[in-house]
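This report walks through the architecture of a predicted model, chain by chain. The structure comes first.

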Amino acid sequence: MLHGYAASLLEGTGLTLAVAAASLAIACVLGLATAAARLSGSRLARALGAAYTTVVRGVPDLVLMLLVFYGGQMAVNALAAQLGYEGFLDIDPFVAGIATIGFIFGAYLAETFRGAILAIPAGQREAGLAFGMGRLQVLLRITLPQMVRLALPGFTNNWLVLVKSTALVSIIGLNDMMQRAGQAAGATREPFTFYLAAAAIYLAITTVSLLALRALEKRYSLGVRLAR
Amino acid sequence: MNRPIALALCLLALALPAAAADWKRIRIGVEGAYPPFSELAPDGTLHGFDIDIARALCTELKAECQLVQSPFDGMIPGLQAKKFDAIVASMSITEERRKAVDFTVRYYNSPSRFVAKKGANLVVTPAGLKGKKIGVQRATIHDRYVTDLYKGSPVVRYTKQDEVFLDLAAGRIDATLVDSVAASFGFLKVPAGKDFEFTGPAFEEPKYFGWGSGIAVRKVDADLRAKLDGAIAAIRANGTYKRIQDKYFDFDIYGKAPAP
Amino acid sequence: MNLEAIGESLPSFVEGLQVTAILLAAALVLGLAAALPLAFARTSTRAWLSKPVWLFTYVIRGTPMLVQLFLLYYGLAQFEAVRESVAWPWLSSAWFCAIAAFAINTCAYTTEILAGALEATPAGEIEAARALGMGRATVMRRILLPSALRRAIPAYSNEAIMMLQGTSLASIVTLLDLTGAAREMNSRTYLPFEAFLTAAAFYLALTFALVSLFHLAERRWLAHLAPRR
């Protein structure tokens, strides 16, 4: 049915998931940092955070990806040359892909995290400080655990959109599932079959993710009274 | 420049060891979507005339080959951005491209022709094709030629040649200008292309169609170009070229040198 | 920054801007029009109405728009039956396929947004309407729909902006929108920064325009929720 391309598609799926996971890691780091910046007292930090989210919302993923892939390499080379580094540092499609997607979703996650942190009653933090906990302790033991629960719905949404946007990495030549589906389609002249297979695989990934994250939500909401 | 930030940026990119001066390791940009020159098998490995030639040249130069896949319209920007050191992707040697990169001597030469539906009786002139949709692969010599000379025809550009063939078979475009060998193997000889044929003459005008297909390198890498020139001559002389050629074609694809 | 090259390519960017704007407008209008009845079906208590709509939104929201676009454009053209059918003049056009794919996609998301807004209608409003003797259809037309549309404006504005960015996929099926113009410029001049930064600038401008439009909409229709001046 898949003319022998099934193995290739599955291999591509592995790469797609790797791109998604790596991008998520970068996005979480950027998101937390940006949320902190936008909640901070410094006007500069808030302005930078706002500018970041504006750019990401205002420019298509595809354009950013092409910019990072084609332009980023030149920038890195120029930078390396200035620092006196001979040779080259390669921005291959994988790196360009995760850098771009991580950059984009860092902005969206920042909004999710920021909303979640703002939803924690201020009294919680105050109480922690009143008990003599240091600011870092309050962050790690009071704020973050509660933030996780509040951020999960938004996070689920962001993750699902992230997984789907990894399809664009095929445009810059990464040999992921979409690219392999396209090659199989071109070689066998059966685009419908292979793009349908790709759709099915994505649907499977999103379904599994939804189920897993819903289970996580339930676990984190133990003991919390929901307004039903 | 702030050192920590710069360092972080460098760490962000996957660093490969520098290969420069001695060319013991050559990264070669290939397409993987242009049968019979370059295509991907179901298991994900690269096959084709271009691929075999590239590997043979590396063997001749006693260097390690690393094949890097790239879409065709990103090849010259990719070369200049140092994603790879040479392009072996059936890239024709043209004056326009020579402004950006340097080429080795050619490693094959084949003409370009129009492909259209059998019985369409298209007159292959700018006037005859007026209003007919012509599909081409973006950034190729065919793209340039049709854009410049067939101004009365809507030009539809695709990222890959097999996307052009898909739409030609579906009737979305009326004709395509393409390398005759790629058309023959990639389309006319497969079931999807059975209702199609070559129309019009073979195009070889060097101004647009260049002087055969060569290997592109950055202008600063004159030493690599010289090495590759030598390697091409060597594999022509020692029979490796003929062996590879016979694997794919029953005719001489090296061809004659086009008029300068 | 090679401003001269940008200047030379500017006409193609302006044309691309027109293409992007048309694609966005068509997709949003068609998507919203289709989403109105679907949202009502989605919130219906009858399973034979709500389940199919749920399945539709689930599948469309669970797969990338790129795949949906490829299925419509390349996938359908594979079948002889499709090519011989009456729909072929439509399906063979890249414009039609792109608008259809975008419209279907935004319809699914908009249906969910509107369904959520409908379900959030305060029960008292519906009770009052029924008490006044309004029939089912009248309640839907005069109470539920206006109320839900208002509630949906913030979420819908997000969706509209995401669809604007989504139109960039049209360049992948040969349409010359803003992204297509940038890719052409890049492949001709080998200047990726100039090409893609110009496109990004145009998209940012379009986004600001869209955001301002929605701000105006919110000021007009959600005035009752605005902070006191």
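## Helix packing in chain C

In chain C, helix α6 (residues 94–119) and helix α8 (residues 136–166) have axes that come within 8 Å and cross at roughly 145 degrees. The crossing of α6(C) past α8(C) is right-handed. On the α6(C) side the contact includes C:Phe102, C:Thr106, C:Tyr109 and C:Ile113. On the α8(C) side it includes C:Leu144, C:Ala148, C:Arg151, C:Tyr156 and C:Glu159. By class, this contact of α6(C) with α8(C) has 12 nonpolar, three polar and two charged residues.

The rest of chain C is helical too, with 10 helices and zero strands. Its C-alpha trace spans about 70 × 60 × 25 Å along the principal axes.

Chain A has eight helices and zero strands. Its C-alpha atoms fill a box of roughly 70 × 55 × 30 Å, taken along the principal axes.

One helix pair in chain A is α1 (residues 6–39) with α6 (residues 135–165); their axes come within 9 Å and cross at roughly 135 degrees. α1(A) and α6(A) are therefore oblique to each other. The crossing is right-handed. A:Ala20, A:Ser23 and A:Leu24 of α1(A) meet A:Trp159, A:Leu162 and A:Val163 of α6(A). Five of the residues in this contact are nonpolar, one is polar and none is charged.

| Helix pair | Axes come within | Crossing angle | Handedness |
|---|---|---|---|
| α6(C) and α8(C) | 8 Å | roughly 145 degrees | right-handed |
| α1(A) and α6(A) | 9 Å | roughly 135 degrees | right-handed |

Chain A also touches chain C. The contact takes 29 residues from chain A and 29 residues from chain C. On the chain A side, α2 (43–58), α3 (61–82), α7 (177–188) and α8 (191–220) each supply at least two residues. Which of these gives the largest share? That is α8(A), with 10 residues. The chain A side has 20 nonpolar, four polar and five charged residues.

## Two domains in chain B

Chain B is divided into domain 1 (16–109 + 211–248) and domain 2 (112–203). Taken over C-alpha atoms, the centres of domain 1 and domain 2 of chain B are separated by 26 Å. Their contact takes 12 residues from domain 1 of chain B and 14 residues from domain 2 of chain B. On the domain 1 side, β2 (33–34) and β6 (86–92) of chain B are the elements that give two or more residues. That side of domain 1 divides into seven nonpolar, three polar and two charged residues.

## The sheets of chain B

Strands of a sheet pair through backbone hydrogen bonds, either parallel or antiparallel.

One open sheet of five strands in chain B has the order β5-β1-β6-β13-β7, with mixed pairing. β5 (64–69) and β7 (102–103) of chain B stand at the edges with a single partner strand each, so one side of each has no neighbour in the sheet. Within this sheet, β6(B) and β13 (residues 213–217) of chain B run antiparallel and are joined by four bridges. B:Ser92 has B:Ser213 in β13(B) as its bridge partner. Helix α2 (residues 49–60) of chain B lies across β1 (25–30), β5 and β6 of chain B. This helix runs at about 150 degrees to β5(B).

Another open sheet of chain B has five strands in the order β10-β9-β11-β8-β12, and its pairing is mixed. Its edges are β10 (155–158) and β12 (196–203) of chain B; each has a single partner strand, so one side of each is left without a neighbour in the sheet. On average, neighbouring strands are turned by 30 degrees against each other, direction ignored. Strand β9 (residues 134–137) of chain B runs parallel to β10(B), with four bridges between them. There, B:Val136 stands opposite B:Arg157 in β10(B).

Two helices of chain B lie against this sheet. Helix α5 (residues 141–149) of chain B packs on the sheet and touches β8 (112–117), β9, β10 and β11 (175–179) of chain B. The direction of α5(B) makes about 145 degrees with that of β9(B). Helix α7 (residues 180–188) of chain B lies across β8, β11 and β12 of chain B, at about 115 degrees to β11(B).

Note on methods: Residues numbered from 1 in each chain as written. Chains lettered and ligands numbered in written order. Predicted model: local features only at pLDDT ≥ 70, side-chain atom pairs only at ≥ 80, totals over all residues. Axes fitted to C-alpha atoms, helices over the stretch in contact; angles between N-to-C directions. Parallel < 35°, antiparallel > 145°, perpendicular 65-115°, else oblique. Left-handed = near helix turned anticlockwise from the far one by under 90°. Contact = placed C-beta atoms within 7 Å. Nonpolar A, V, L, I, M, F, W, Y, C, P; charged D, E, K, R; others polar. Pairing = 2+ DSSP bridges. Domains from an automatic or database assignment.
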